[in-house]
Amino acid sequence: MFSDTSEFTNKGDPNVHLEAEIRNALNSDPRNVQSWSRLGAFLFLKEDWQGSTDACRAAVALNPNDADTWGVLGAALWALGSLNDAREAYEYSLRINPLDVATVKNFSRLLLTSRGAEASLGWAD
């Protein structure tokens, strides 16, 4: 009954096509900040933390004022266990856009879980 599994392969997965489109755009224009940012966010959603980190770093190297990409970079770095780098990425994002609720929330969670609330807030002796 299921001898032909082709319908269950990635051929029909729209995410495969989306990733291919983004990568094709980058092949055409490697300095396309939007494509690097999209790839970073896409790879983050796929839980490819290192790929997301690499793509986000490429994006912020081209446009260091992209708060959203700094936020995604912070989340990817946190997932990799690079807590200090994640903190720096979140801080940079919040310097650009201090009202970004998602980044404030993620940064707060990072601070509270990484060293304890008092130490993170500078309240420890």
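1. Buried here means under 20% relative accessible area, exposed means over 50%, and partly exposed is anything in between (1.4 Å probe, protein chains only). With that in hand, Arg87 is partly exposed, at a relative accessible area of 22%. Glu91 also counts as partly exposed, at 28% relative accessibility.

2. A word on the ground rules. This is a predicted model, with local features needing pLDDT of at least 70, side-chain atom pairs counted only at pLDDT 80 or more, and totals for chains, interfaces and linings using all residues. Residues are numbered from 1 along each chain as its sequence is written, and side-chain values use heavy atoms, leaving out hydrogens and water.

3. On to the overall picture. The chain has 7 helices and 0 strands, where helices (H or I, at least four residues) and strands (E, at least two) are DSSP runs numbered from the N terminus. Buried residues account for 30% of the 125 residues. The accessible surface is about 7,900 Å², with 52% of it belonging to carbon and sulfur atoms; these areas come from the Shrake-Rupley method with a 1.4 Å probe, and for residues only the protein chains shown count as cover.

4. Which residues of helix 1 are buried? They are Glu19, Ile22 and Leu26. They cover an arc of only 60 degrees around the axis, so they sit on the same side of helix 1; the arc is that of the directions from the helix axis to the C-beta atoms. The buried residues pack against helix 2 (33–45), while Pro14, Glu21, Asn27 and Ser28 are exposed on the other side of helix 1.

5. (A salt bridge is a side-chain nitrogen of Lys or Arg within 4 Å of a carboxyl oxygen of Asp or Glu.) Both residues lie in helix 1, 4 residues apart, about one turn of the helix. Glu19 also forms a salt bridge with Lys46, at 2.9 Å between the closest N and O atoms. That pair links distant parts of the chain, with Glu19 in helix 1 and Lys46 in the loop between helix 2 and helix 3, 27 residues apart.

6. The count comes to 3 salt bridges. Being 4 residues apart in helix 5, Glu91 and Arg87 are separated by about one helical turn. Salt bridges that share partners join Glu19, Arg23 and Lys46 into one network.

7. Now the nonpolar cores, meaning sets of buried Ala, Val, Leu, Ile, Met, Phe, Trp, Tyr and Cys residues joined through side-chain atoms within 4.5 Å. In the largest, of 13 residues, Trp70, Leu73, Leu77, Ala89, Tyr90 and Phe107 touch the most other members. Helix 3 (49–62), helix 4 (67–80), helix 5 (83–96) and helix 6 (101–114) each give two or more residues to this core. Apart from it lies another core, of 6 residues, among them Leu26, Leu39, Phe42 and Leu43.

Technical notes
Contact means heavy atoms within 4.5 Å.
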